[in-house]
Amino acid sequence: MPELPEVETIVRGLKSELVGQRVKEFRFLSPHLEKEQLPGSFQPATYKGRKILDIRRRGKMIIIEFEGRLGWLVHLKMTGQLFLTEPECKIDKHTHALLKFYRLKKELRFRDIRKFGFLNCLDLTQIEGKIGNDLGPEPLEIDLASFKRLLKTHGKKRLKNWLLDQKIIAGIGNIYSDEILFRAGLNPFRLAGSLTDREATRLYRAMKRVLKEAIAFKGSSISDYVDASGERGRFQERHQVYAREGRLCPRCRQEKIIRKKINGRSTFFCPGCQD
Ligand SMILES: [Zn+2]
């Protein structure tokens, strides 16, 4: 599933091409997205003639703002893709929505093989309300004191689950939680409330560093993730523990990376140098 660095990469790519573009046509290509619209959603035709004013990320979600306070709230979930392509490029059966512009040759497509993703056509007030209720602070924006407070407030959660909980902190998923905990040298089974002040600072710094590096490498392409121009990311080549079960730990070079389940989620870590 695309996490913060992947979604951020997509948003930056789309933003540079689409802000200022006026919508010529928006339509659904399959009944699936149409059926999943929330109450109060707008019809695709409402978007015609409106300019895109902004594209931003919140957690793992993408918000596209159109003129007149109209918006899209997009979550890619497992296999969703939101990318620009040439109109000649063949549309396959997994492409569920299409957006064309007056002054841009490329078109924007929403493609999703497993159909867990969503694209909701709401006004900005509805979008902001929805996000405000569902998501904790942004990991790249939160300050150290607030971060430490959140560790205490949700102290009974294991670190892995703490990082995955979008209501505590938004945008981190299975890959980056493992990479962050490895970087911080912390065992994923530890309780969030058990961290010393120094350990909490280490976790905070590791979180920011890992996410920033991953953005610099345009995210991790494990399965279907591609950026706004359909390119794969490169951060998967730099993973230290994620999906590296049985390999020698790149830090201590003594132990092998192991895989354990925490709340049903696979967690990769070094039993030697993460404590
Ligand atoms: Zn190790």
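Modeller: Let us begin with burial: a residue counts as buried under 20% relative accessible area, as exposed over 50%, and as partly exposed in between, with a 1.4 Å probe and protein chains only. By that rule C270, at 0% relative accessibility, counts as buried, C249 is likewise buried at 0%, and C273 counts as buried at 19%. This is a predicted model, in which local features need pLDDT of at least 70 and side-chain atom pairs count only at pLDDT 80 or more, while totals for chains, interfaces and linings use all residues. Residues are numbered from 1 along each chain as its sequence is written, and side-chain values use heavy atoms, with hydrogens and water left out.

Colleague: Which residues are the protein donors of the zinc ion?

Modeller: Donors are N, O and S atoms within 2.8 Å of the metal (3.2 Å for Na, K and Ca), and since water is not among the atoms, sites may look incomplete. Here the SG atoms of C249, C252, C270 and C273 lie 2.2 to 2.3 Å from the zinc ion, and along the chain these donors follow the spacing C-x2-C-x17-C-x2-C. C249 sits in the loop between α7 (197-216) and β9 (258-262), whereas C273, 24 residues apart from it, belongs to the segment after β10 (265-269), so that the pair links distant parts of the chain; helices (H or I, at least four residues) and strands (E, at least two) are DSSP runs numbered from the N terminus.

Colleague: Why is the arrangement around the zinc ion called tetrahedral?

Modeller: Four donors count as tetrahedral if all angles lie between 85 and 135 degrees. The arrangement is tetrahedral because the four donor atoms subtend angles of 105 to 124 degrees.

Colleague: How many disulfides does the structure hold?

Modeller: A disulfide is a pair of cysteine sulfur atoms within 2.5 Å, and the structure holds zero of them.

Colleague: In what order do the four strands of the open sheet lie?

Modeller: Two strands pair if DSSP finds at least two bridges between them. The order is β1-β6-β7-β5, with antiparallel pairing, and the edge strands, β1 (23-28) and β5 (80-85), each pair on one side only. Six bridges join β5 to β7 (residues 107-112), and Q81 stands opposite R111 in β7.

Colleague: With which residues is L203 in contact, leaving aside its neighbours within four places in sequence?

Modeller: Contact means heavy atoms within 4.5 Å. L203, which lies in helix α7 and is buried at 0%, is in contact with F147, L151, L159, I180, L181, A184, L186 and L195.

Definitions and conventions. Four donors count as tetrahedral if all angles lie between 85 and 135 degrees; four count as square planar and six as octahedral if opposite donors are over 155 degrees apart and all others between 65 and 115; anything else is irregular.
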